[in-house]
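Here is a set of questions and answers for a student who is reading a protein model for the first time. Please keep the sequence and the view open while working through them.

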Amino acid sequence: MLNSILAYFDGDVSFVFDTSFFLRFVFSPSPALLKGLGLTVAAAIISQVLGVILGCLLALAGLSRFGLLRGCNQSYLFFFRGTPVLVQLVLIYYGLPYLLGGADLFPPRVFIGPLWVQGALVAGIVTFGLHEAAYMSEIIRAGIQSIDEGQSEAAQALGMTPALAMRRIILPQAARVIVPPLGNQFNQMLKTTSLLSVIAVPELFRVAEEVQSATYKSFEVYLGVSVYYLALTGAWTIVQMLIERSLSGSRRAVTAKTRAA
Amino acid sequence: MKSAARQPAFVECDSVEVHFGALPVIQGVSFSVSRGEVVAIIGPSGSGKTTLIRCLNHLLAPSAGTVRIAGETLGVRVGANGRLIKLPARKVAAQRRSIGFVFQRFNLFPHLTTLQNVMEAPVHVLGRPKTDARAVAEKHLARVGLADKADAYPRQLSGGQQQRVAIARALAMDPELILFDEPTSALDPEMVGEVLAVMRDLAAQGMTMLIVSHEMGFVREVADRVIMLDAGRIVEQGPPAEVFDRPKNPRTQAFLSKIL
Ligand SMILES: Nc1ncnc2c1ncn2[C@@H]1O[C@H](COP(=O)(O)OP(=O)(O)O)[C@@H](O)[C@H]1O
Ligand SMILES: [Mg+2]
């Protein structure tokens, strides 16, 4: 069935969809592919965390009363939102060591904590984190600005410093506004990590490409790797739904209690 | 509390001016308040009452003039050459600890329960142990008649209850002075009484209070002195009986005839 649908003829070269190869690729993946999957997830999570932390700092700079800090925020956004992330990746991976006088910034193996990590992966995570920070900063800034001015005034009237008011009063409320768009950003991040393939990081897509060049089963491999990405983003969508439901769920429980009271 | 007026000034507002851009909103306002005194600020809408009372805990920095509380100037210190130097945010925050502020729109923290709202500042600003802060918070919630609402969230409370929690939240910091900016004007009429009752109780216990209010019956009963503000200037002040019954200034007369 699948064969007849997917088969097509191009001149005298015949192409037949290799169903059993495809099913094997998807359902009994090689250890390399599984490792690639793990690398994709790890890179996405670490990049996103980095993006959120840097994004917080950038958002605070953007909300600062000091023009210089707001200017820094503006230029940062101008660059990181105005250039493709792929270009940023090669700029940082190839360009940064060059700028630093040929320093071996991203060697094949670097020792981080208890792990040996590929330098290119570090460059990738740094790039994605920096890129993500630009978008997260706008999301966080909008979240903070959505909180009523009276909240920070009440906090300050109680003797809180602006920093304490931000941490204890504003950010916990802004978090509810920030979570849904943050979820969408992470969905994108899962897919953006495929760009690591251009600097030879053996993540999911890079491993798939290697299988493709060894077997020439292009369509089977690319369709198979799509299934993997769909599984990742699909699983994340479910997690996202649960998180958002628990946020609105606690609100529902509260309203129910009000009625009972 | 009338005798308290003879004690040295506790709040001293000296030639305070506030401009928003070119717009002068407070124009050279000076007055003082003694410990234990209850002073009401009245005046037409837009006369600058909110702006003035926000200067008294430095939520707003005056464009000129100074506010001193217990002898300490808010927000600035005098430098070597006599120029005023802004205090860092940390110092200003410390000055505000002993000044309570009750807002027109309550401004309770919606992500915290009633009890947590009242405990928040004692724990995180004063560094009190949680168990102590909880006991104090429960005491103040009981004082405003809301002991049974400790675990409720602000959105589960009526406006009057929210404002009483806001007063308990201010009291938990053990303030020497409480500022009220139209504490009952966002309330449905049937809830005004419960909030005024709490404030009347505070006044009776000797709390120093500055109250912006249009509740003239309450002001007449509780205030030691009334300050009439118009277009950013004090046009008249005195005991409520005098100001309400024999207003000297034509603007006070016009305002009172509209509101009474
Ligand atoms: N942040 C601000 N920026 C510009 N104008 C303001 C601001 N706050 C208040 N005003 C103006 O100052 C005047 C006095 O306001 P306000 O102190 O709120 O008066 P009241 O509390 O007596 O009604 C009004 O004309 C108001 O429009
Ligand atoms: Mg007002």
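The radius of gyration is taken here over C-alpha atoms, and the rule for a globule is 2.2 Å times the number of residues to the power 0.38. The model is a predicted one.

Q: Which radius of gyration does chain B have, and why does it agree with that of a compact globule?
A: Chain B has 260 residues, and for that number a compact globule would have a radius of gyration near 18 Å. The C-alpha atoms of chain B fill a box of roughly 50 × 50 × 40 Å along the principal axes.

Q: How many helices and strands does chain B have, and what percentage of its residues count as buried?
A: The secondary structure of chain B comes to 9 helices and 12 strands. If we take the contacts in chain B with a separation of 6 or more, residues 24 or more positions apart account for 66% of them. Of the 260 residues of chain B, the part that counts as buried is 54%.

Q: How far apart do the centres of the positive and negative side chains of chain B lie?
A: The accessible surface of chain B comes to about 11300 Å², and 50% of this belongs to carbon and sulfur atoms. Chain B has 31 positive and 25 negative side chains, and the distance between the centres of the two sets is 6 Å.

Q: Which strands stand at the edges of the open sheet of 4 strands in chain B?
A: Strands of a sheet pair through backbone hydrogen bonds, either parallel or antiparallel. In this open sheet of chain B the order is β2-β1-β4-β5, and the pairing is antiparallel. Two strands each have a single partner, so one side of each is left without a neighbour in the sheet, and these edge strands of chain B are β2 (23–34) and β5 (72–73).

Q: How many bridges join strand β1 of chain B to β2(B)?
A: One bridge pairs B:V16 with B:V29 in β2(B), and another pairs B:A9 with B:S34. The hairpin of these strands, β1(B) and β2(B), has 2 residues between them, and B:G21 takes a positive phi near 60° there. Strand β1 (residues 9–20) and β2(B) run antiparallel, and the number of bridges that join them is 8.

Q: Which residue in β9(B) stands opposite B:G100?
A: Strand β8 (residues 99–102) of chain B is covered on both faces, with B:I99 and B:F101 buried on one side and B:G100 and B:V102 buried on the other. This strand, β8(B), pairs in the parallel sense with β9 (residues 177–181) of chain B over 4 bridges. In that pairing, the residue opposite B:G100 is B:I178.

Q: Is B:H58 buried or exposed, and is B:D174 buried or exposed?
A: Most residues other than glycine have a negative phi, and most peptide bonds are trans. B:H58, in the loop between α1 (49–55) and β4 (64–69) of chain B, has a positive phi of about 60° although it is not a glycine, and B:D174, in the loop between α5 (159–171) and β9 of chain B, has a positive phi of about 55° although it is not a glycine either. Buried means under 20% relative accessible area and exposed means over 50%. With 13% relative accessibility B:H58 therefore counts as buried, whereas B:D174, at 60%, counts as exposed.

Q: How many residues of α7(A) are buried?
A: The cover of the buried residues of α7(A) includes α8 of chain A together with α1, α2 (89–96), β8 and α5 of chain B. Among the buried residues of α7(A) are A:G150, A:Q151 and A:S152. This helix, α7(A), is mostly covered, and of its 9 residues the number buried is 8.

Q: Which residues is A:G159 in contact with, leaving aside its neighbours within four places in sequence?
A: A:G159 is found in the loop between α7 (149–157) and α8 (162–192) of chain A. With a relative accessibility of 4%, A:G159 counts as buried. Its contacts, leaving aside neighbours within four places in sequence, are B:A93, B:R96, B:R97 and B:V125.

How values were computed:
Residues numbered from 1 in each chain as written. Chains lettered and ligands numbered in written order. Predicted model: local features only at pLDDT ≥ 70, side-chain atom pairs only at ≥ 80, totals over all residues. Heavy atoms only, no water. Buried < 20%, exposed > 50% of the residue type's maximum accessible area, 1.4 Å probe, protein only. Contact = heavy atoms within 4.5 Å. Areas by Shrake-Rupley, 256 points an atom, 1.4 Å probe, with all protein chains shown as cover. Lys, Arg positive; Asp, Glu negative; His and termini not counted. Charge placed at Lys NZ, Arg CZ, Asp CG, Glu CD. Pairing = 2+ DSSP bridges.
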